[in-house]
Amino acid sequence: MRTRVRFWEHPGMDRSLESLVVRHTHRLPRPSEPAGSPARGEVVARQFDAALMSVGFKLSADLLEHLSGLSEDAVAATAERTLDTVRAMVGDHVRHNVYFVDFPANVPDTLDFWRDCIARALADESVRPTILAQLSIGVVNLLTLPSYGRYQHSYAEMLAAHDELIAAGGDRVTVLHLGGTLAEEVGGLYLALAGSTTPLGDEHLADLALLAGLCAEGPQPERIPVRENRAVVNRAWLAAGAVPLLDTVTDVLRLACALCDGDVTLQEPTRFRALSRATRRALLAGLDSVVAAAPGKLADVPVHREAFKRLGERLHPHEFPRWPHAAEVFAVARGERKAPSFDRRVEELFGADDVVGAAELLKAAPGRLFRSLDRLLRTCGEQSERDAVVAAAEAVAPEVSGRVLLSVREHLHNRTEGTDRTEGTDRSEATGRRRVFINRLGRAWVTDDLRAPVPAPERERLIDALDAELRRRLPDPGRLLVDPDVLDVALPLSGRATAAGLGVLPRGSLSPVEGELLRFFVYWKQRHRDTDYDLSALMLDEDYETVCWLSYTQLTEVEGEHSGDITEAPHGASEFINLRLGAVRGTFVVPQVNLYAGEGFEEVAESFFGFMLREGEQQGRPFEARTVRMKSELRGPGRVALPLAFLRGADGRWRAKWLHLYLRGTPTSNQVEGNQVSVATLLRGIVEREQLTVRYLTELMAGGAVTVWDGTEVPDGPVTYIGLQRPEGLHPESRIVTLENLRDLIPE
């Protein structure tokens, strides 16, 4: 661990770093100014606070007091930067127009609207012949109608058609707190991301790459347990002249991918480019030292054979005879030397029906042993074999990462009827006789479940062992305060199970929905070609059968209204669905974003989804920032996005269930009507699976009973607080866990 501390000041970067800190921590780095500046910022600070409240944010008491002691110019500059950041966080940095100018009022019946568009087209001499020709064969292409799919009014005209939003007690308020200096906040955020015990999402991984470069010569985390994070940090260390942390040949491969701006998760092939001689020496020296210390690690090479072959073509190991062990890596990749992979040796034992032998071999890789427990127990024929498998797991449990222990614990809890399995990078969800698989990109698919059940005695024995091991690792919380709304939040076992955004919860989480009106929105901006996204909402009954839907083909229903179809977005476009929750027929509401034509979610310049909650009399514009409860980025591999669903419980109250799923869909023309069955099947899989939640970990911490805190009486001394947002007034030495750092709950 380095001890030298230096924060690299980069001209022009302070603003982006400050924004990054605010997004990740909801803390504003402590603004400062030269000594002797006049302190007359109180009026501007209060104006800043009022402006923040208009978009659903607020200054904490400490932050407001600090800003009030600065000059007017310093506060004004801070306000400008921060408002830009929080508006982008909530989706208010763009103009949200609607096709129907006074939406949700006066939305027409779909067929009436289409007839009106045809009538207008017939009145236009430039397109009348084309429309008449279509009418003669009984089919009209809506996209050829001049008034269809394009805004018919300006943004200003839309604003003029709506009354001001009436403030309500249920409007969202996100508090910004006073942080340390920019250098302190950047350094602390770097240590938190680099030392995360769970994989980061793509956005956070990119942020870690930036921070690692800035903080390479400062304090470093004691451990970097996640290999993808380690690759990003190793790249920064190498650039700073430090020795990278490498203990497997795959670490070297990930580092090479990072150096070539490729995929450090190794899920997608990286195009290796020419590397400098110094970089080649560093990578080859790393490979040589790993293999020299543990020749058995050559067994990892066949798992990524093609990637190592391509890397060898760039490293030219024959030019460096002083590192012979590095050359062995590429000899194995080319098939010139045998090094059976670990997985192959395990499969050979399974093939020979030697379950005990497979379990003993897997003890050398404790994480793989735990991921294979389901298969091992299903394969056992004798009680002695089952006892040996459980004993092997109990013996190596202290060596398994907390994330894997929790994943297996959740799996076993849902395996009472022989369902569910987490294996490799794919995660399966229990659906009774069907299995829903979700990979790390959020792509989901369904298959029959033909597995035998896991024997109940061994399942219970393993659950007890896992609970005991996790309880041993969890820190003593001291006085534990818990926000009741966080108890049903699923544990963030991977950042890739949560989209980037504001108020976004991990897949499987439940959160309460309070309000009379629920409004979804999607925004997208095309990059190179016309792009048409369609926001839809599918209503299902308690048996997951379709009740009705809202989309561009069904603009109105008893439940609500659709804002109208927009078919191109050169300057950005928005669509909305307004729902009256009391009028919803059925048990489930599933919003979805369908790619009808054009660029995918990963190709457009920008795309995001969110929802708002309002009281019935609030009025306001279609998009009002302070009513936004969630805004998440749409960046997935499929053609149909399913961000979350809404469930009506037996008590009549609505809750959000977080999905973060992408369906493959069709290349074009995806519609809600065409994916009803697949959506219902996936939804059943997620809803009927029981997730490990914050409630589970807090009960382990507290020894069983969890005391929830209503926030009314603030304790004097340090506490451990777990909640959706950080409350004001807690002791400065308190440990605070909120959505922004929920991953800190996962023990190593």
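Before you click anything, one term: a contact here means heavy atoms within 4.5 Å. What you have open is a predicted model, where local features need pLDDT of at least 70, side-chain atom pairs count only at pLDDT 80 or more, and totals for chains, interfaces and linings use all residues. Residues are numbered from 1 along each chain as its sequence is written, and side-chain values use heavy atoms, with hydrogens and water left out.

**The whole chain**

Start zoomed out. Along the principal axes, the C-alpha atoms fill a box of roughly 80 × 75 × 60 Å. The radius of gyration, taken over C-alpha atoms, is judged against a globule rule of 2.2 Å times the number of residues to the power 0.38. For 748 residues a compact globule would come near 27 Å, and the chain's 28 Å agrees with that.

Of the contacts between residues at least 6 apart in sequence, 73% join residues at least 24 apart.

Colour by burial next. Buried means under 20% relative accessible area, exposed means over 50%, and partly exposed lies in between (1.4 Å probe, protein chains only). By that rule 53% of the 748 residues are buried.

**Helix 14**

Select residues 324–333. Helix 14 is largely enclosed by the rest of the structure, because 7 of its 10 residues are buried. Those are Ala326, Glu328, Val329, Phe330, Ala331, Val332 and Ala333. Show helix 11 (249–259), helix 12 (277–293) and helix 13 (305–315) too, as they are included in what covers these buried residues. After helix 14 comes glycine 335, with a positive phi near 85 degrees.

Go to cysteine 257, which is buried at 2% relative accessibility.

**A buried glutamate**

Select glutamate 559, in the loop between strand 13 (546–550) and strand 14 (560–562). Its relative accessibility is 0%, so glutamate 559 counts as buried. Leaving out residues up to four places away in sequence, it touches Met539, Cys548, Asn578, Leu579, Arg580, Ala583, Val584 and Arg585.

**Backbone stops**

Most residues other than glycine have a negative phi, and most peptide bonds are trans.

- Phenylalanine 103 and proline 104 are joined by a cis peptide bond, with omega about 10 degrees. Proline 104 sits in the loop between helix 4 (72–90) and helix 5 (110–122).
- Tyrosine 544 has a positive phi of about 65 degrees. Look for it in the loop between strand 12 (532–540) and strand 13, where tyrosine 544 is buried with a relative accessible area of 9%.
- Glutamine 619 has a positive phi near 60 degrees.

**Last selection**

Finish at arginine 451, in the loop between strand 7 (444–448) and helix 21 (456–473). Arginine 451 is buried, with a relative accessible area of 15%.

Key. Helix = DSSP H or I, 4+ residues; strand = E, 2+ residues; numbered from the N terminus.
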